[in-house]
Amino acid sequence: MYAFDYHRPQSVADAAKLLAANKEAKLLAGGHTLLPTMKLRLAKPSAIIDLSRVAELKGIDRKGNALVIGAMTTHSEVADSSVVKSAIPGLVAVANVIGDPHVRHRGTIGGSVANNDPAADYPAALLALGATIATNKREIRADDFFKGLFATALQDGEIITRISLPVPAKFGYAKFPNPASRYALVGVAAAQTGAQARVAVTGAGKNGVFRHPAAEAALANSWSAQALGSLATNASQMLSDIHADAAYRAHLVGVMARRAVAAAG
Amino acid sequence: MSATGIGAPVRRKEDQRFITGKGQYTDDINRPGQTYAVFVRSPHAHANLKRIDTAAALRSPGCLAVYTGADIAADKVGGLICGWMIHSKDGSPMKAGAHPALAQGKVRYVGDHVAVVIGETLAQAKDAAELVTVGYEALPAVVDLASAQNPGQAQVHAEAPNNTVYQWHLGDKAAVDAAFSNARHVTRIDLVNNRLIPNAIEPRAAIGEYDSGQDSLTLHTTSQNPHVARLVLAAFIGLAPEHKLRVIAPDVGGGFGSKIFIYAEEVLCLWAARKVGRPVKWTGDRSEAFLADAHGRDHATTAELALDGDGRILALRAKTKANLGGYLSTFASSVPTYLYAPLLSGQYNIPAIYCEVDGVYTNTAPVDAYRGAGRPEATFVVERLVEVAARQTGQDPAEFRRKNFITSFPHATPVIMTYDAGDYGACLNKALELADHKGVAARKSESARKGLKRGIGFSAYIEACGIAPSQAVGSLGAGVGLWESAEVRVNPTGSVEVLTGSHSHGQGHETTFAQLVSERLGIPIDQITVVHGDTDKVQFGMGTYGSRSGAVGMSAIYYAIDKVIVKAKKVAGFVLEVPGDTVDFNQGIFSSKATNKTLTFPEVALQAYIAHKFTGAQLEPGLKEGAFFDPTNFTFPSGVHICEVEIDPDTGATRIDRWTAVDDFGTLINPMIVEGQVHGGVAQGVGQALLEGAVYDKNGQLVTASFMDYTMPRAGDLPSLKVDMVSTPCPSNPLGIKGCGEAGAIAAPAAVINAITDALGHEDIAMPATPLAVWRAAQKSPARMAAE
């Protein structure tokens, strides 16, 4: 690890000031990607701005027809929340399959979303649920937020403050983990709201998390696992590595989509 | 059986310090004035070293020194050795290239050692290491084992044409060829035994220290055999005479073979300590462990089994290519030869066996012994062949095995070994019952109803442990003897220190060795301390590997105790005022028919040291005895493991539903520790079968260089194991011990793959059977050959 300055602000405003003053600074919001990268000397931030003491970034609330989760809420807090459980029980299942207990007690929803790892679980859930990501500057729809591998709509100096998730009629998530890392080899989130169905896939796509229009059309017609029985996914758009080639990932998208719908009930 | 004697499930004495964080691992040790070593490693699999510029590094704050291959050449530091000479079938000695501690003109794998940087702090050493600039001239890399020997491939070492270190063979080729020509059925399979990366919890580490007053060197290191390390560092690498070199291997956090070997890093820490005049510490990080710890396995084999018309085995033939990596590690040459082919008879009466092995250099990390070392590879060959042969000829796999089991002992196989004792049928019967074999058909139907495929797989393994009779291994090319030593020191108050040349790095010797002493001297286990891992304390020893510490190490203790008892009886005779030859010793009490007085062991110990009851002319004072034990044969642990899997054909996920292990380890000292060894071994074997596999790309870059891509077994990958025992004591050591440390890793891979192929209905799957591999295999239709 290279030397860096460490800051622990108490407010979003102070964090934003520090971020503005340190061009090469990084926000620490769990650190499960950032810290290993720093330890391997692959990242050299000038400063770390630790958001763990910013109280306004924490908490889970039901506001009308939306579930609102503070950016610094840990995965275990989401998984254990009765508010989440009554609003979107499938989101408990998402949080519960992220990493391991150590990861779930440090990692945060804001950190996961800002990093947009192409195999992370939350991006698929947010995209399927039609979430809105609020920052210290604006609100961004999930459809506009995720921009490819580790890329988001976030601009310099922007800090995610909370995630707003419209409560759907049904929501399910099914994940086939990478045997080594336990990230998603393929993860599919499916949500039904009124007559609309939204399906998002993580772990599989060359350009990161994506919506699956064919699956959405099939489910809008008939919300059932059987409706996805002949779902085709274009293998040319799939990642390929030692754990899964493109054909296998394309196949697993169908399997996991059916299981996500089955899990949603 | 006493509560702490042989056969008692005593809780491990050492766990108190381990689980309370009081263990002393090498990285826990810090020496005054200590400096830190960081290695500059090759990013190329194969390249000429054109230049190394260290000037900027040397100007870096806190950088004390940068050493390269030129510096060790100038100091005439000897190269790393391979300690087992293998001769090819044409009689020529193996063709080994030099193995310098720092590269001389050429690098041969990603992670090869180019320079070592010494810094005041670890961070400063790392900073300086980044400033070392190395001019590489990249060369084509030899990575693929199958084609490495082809003409026109790049040459890893000029000394080994076509990258061939040796072309070795064992057995009677003519007899085997004749048996195959008369066979009614021949089963032929191609197998890959996948390359594994050891990954002990504690990475390797070393601290070198030079005492200019004594002109002596001390090395703290993560070693399974500190005396062998000292011998090699003194006699071959030439860093100091043996009596001026102390090697200390304190608590060591797992080895699995990878800490047997003498590596470049400890050589350089020790050498550099004298150069910089201060202690030099290196603690490997996980990335370095992936790149540069010796890997395991990596065989490609074609194997054939010849059967007669009654389903009896006539002969076995195997041709193996063994990947030895970029250099020959300490015992690399022996693992795919004498630790492999002599086990190809398995548990079976096979009249003729012939095996050819090519040892091959590639531009990959060195490959050497890893838990089981050659015997898992042999078991995988035999147990896959036997399973497929049974299926192809329409015989029940269990009964086919039983029909061919060796049933009388001793039994000389056609490949060196003479099995001394066993009851393979008893293990099979017990395993079939524990596994509820009768219920398999019903369980398969139940799985099929859920859309899942269930399969059952057997592995009836044998291993040669208790390594090894010195004269025998010497005749096969070993550079050392493989006896073990022990010293039993009785203190005046009757407590006992046992000094052993065995080394515990997780095996629980501090408990099991103490159990032996408690049993034989009748003293409480807390009165016994086991001392190991320090060449200044223990005179000599050969260390721990090859499941040898019980069978060989404890036998040495056994005979040292014999001598202590003989001497103690003489002391007791003087105190009891009876002839020494009338003294009995039983359960800690000395008595004699000639008197009704008795003495306890501590009372006799005190008398031995105060020496008031006998003169110097009658008896030497004190109570301390030593013994060297050289076994007369290998030991032959055996057993039957049965694995039952359920496969989800939609995803390729394989779930192990049941595991049954019935092992014959002879006498058990501590059944709880033995069961733990079975659990750990099975977990590693399941890791090899389902999860683990080192992957290099075509340029020789290690793709699986972290836990993000290299899959270690986790608790959730295993069911609760059913473990039971059969015991036929080993006749070649006084305790009847066979050894248990490697059995699970040897047995498991074949059991898993036999179960998966049973479920799939065809044999076409390689290890590791990852979800991707199983899903692909599940696309193929079952193609079991009809009975012939």
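User: What distance separates the C-alpha centres of domain 2 and domain 3 of chain A, and how many residues of each domain are in contact?

Analyst: In this predicted model, the C-alpha centres of domain 2 of chain A and domain 3 of chain A lie 19 Å apart. Residues are called in contact here if their C-beta atoms, placed from the backbone, lie within 7 Å, and 24 residues of domain 2 of chain A are in contact with 27 residues of domain 3 of chain A. On the side of domain 2 of chain A that touches domain 3 of chain A, helix H5 (89-96), helix H8 (122-129) and strand E8 (146-148) of chain A each supply at least two residues, and H8(A) gives the most, with six residues. By class, that side of domain 2 of chain A divides into 17 nonpolar, five polar and two charged residues.

User: Why is H15(B) called roughly perpendicular to H16(B)?

Analyst: The axes of helix H15 (residues 549-576) of chain B and helix H16 (residues 601-610) of chain B come within 9 Å and cross at roughly 85°. Angles of 65 to 115 degrees count as roughly perpendicular, and therefore H15(B) is roughly perpendicular to H16(B). On H15(B) the contact is made by B:Ala568, B:Val571, B:Ala572 and B:Val575, while H16(B) brings B:Val604, B:Gln607 and B:Ala608. These residues divide into six nonpolar, one polar and no charged.

User: What makes E11 and E14 of chain A the edges of their sheet?

Analyst: The sheet is an open one of four strands, with the order E11-E12-E13-E14 (chain A) and antiparallel pairing. Strand E11 (170-177) and strand E14 (210-211) of chain A each have a single partner strand, so one side of each is left without a neighbour in the sheet.

User: Why do E13(A) and E14(A) count as paired strands, and over how many bridges do they pair?

Analyst: Two strands pair if at least two bridges are found between them, and strand E13 (residues 196-202) of chain A and E14(A) have two bridges, in the antiparallel sense; they therefore meet the cut-off. A:Ala200 has A:Arg211, in E14(A), as its bridge partner. Helix H10 (residues 213-221) of chain A lies across strand E12 (184-193), E13 and E14 of chain A, and runs at about 150° to E13(A).

User: Which sense of pairing do E4(A) and E5(A) have, and which residue of their hairpin takes a positive phi?

Analyst: Strand E4 (residues 60-63) of chain A and strand E5 (residues 66-70) of chain A pair in the antiparallel sense over four bridges. A:Ile60 has A:Ile69, in E5(A), as its bridge partner. The hairpin of E4(A) and E5(A) has two residues between the strands, and A:Gly64 takes a positive phi near 60°.

User: What distance lies between the C-alpha centres of domain 1 and domain 3 of chain B, and how many residues does their contact take from each?

Analyst: The C-alpha centres of domain 1 of chain B and domain 3 of chain B lie 40 Å apart, and the contact takes 16 residues from domain 1 of chain B and 14 residues from domain 3 of chain B. H6(B) gives the most to the side of domain 1 of chain B that touches domain 3 of chain B, with four residues.

User: What scores does the predictor give the complex?

Analyst: The complex has an ipTM of 0.96 and a pTM of 0.97, and chain B averages a pLDDT of 97, with 99% of the residues scoring at least 70.

Key. Residues are numbered from 1 along each chain as its sequence is written. Chains are lettered from A and ligands numbered from 1 in the order in which they are written. This is a predicted model: local features need pLDDT of at least 70, side-chain atom pairs count only at pLDDT 80 or more; totals for chains, interfaces and linings use all residues. Axes are lines fitted to C-alpha atoms, for helices over the stretch in contact, and angles run from 0 to 180 degrees between N-to-C directions. Angles under 35 degrees count as roughly parallel, over 145 as roughly antiparallel, 65 to 115 as roughly perpendicular and the rest as oblique. Two residues are in contact if their C-beta atoms, placed from the backbone, lie within 7 Å. Ala, Val, Leu, Ile, Met, Phe, Trp, Tyr, Cys and Pro count as nonpolar, Asp, Glu, Lys and Arg as charged, and the others, Gly among them, as polar. pLDDT is the predictor's confidence in each residue, from 0 to 100. Domain bounds come from an automatic or database domain assignment.
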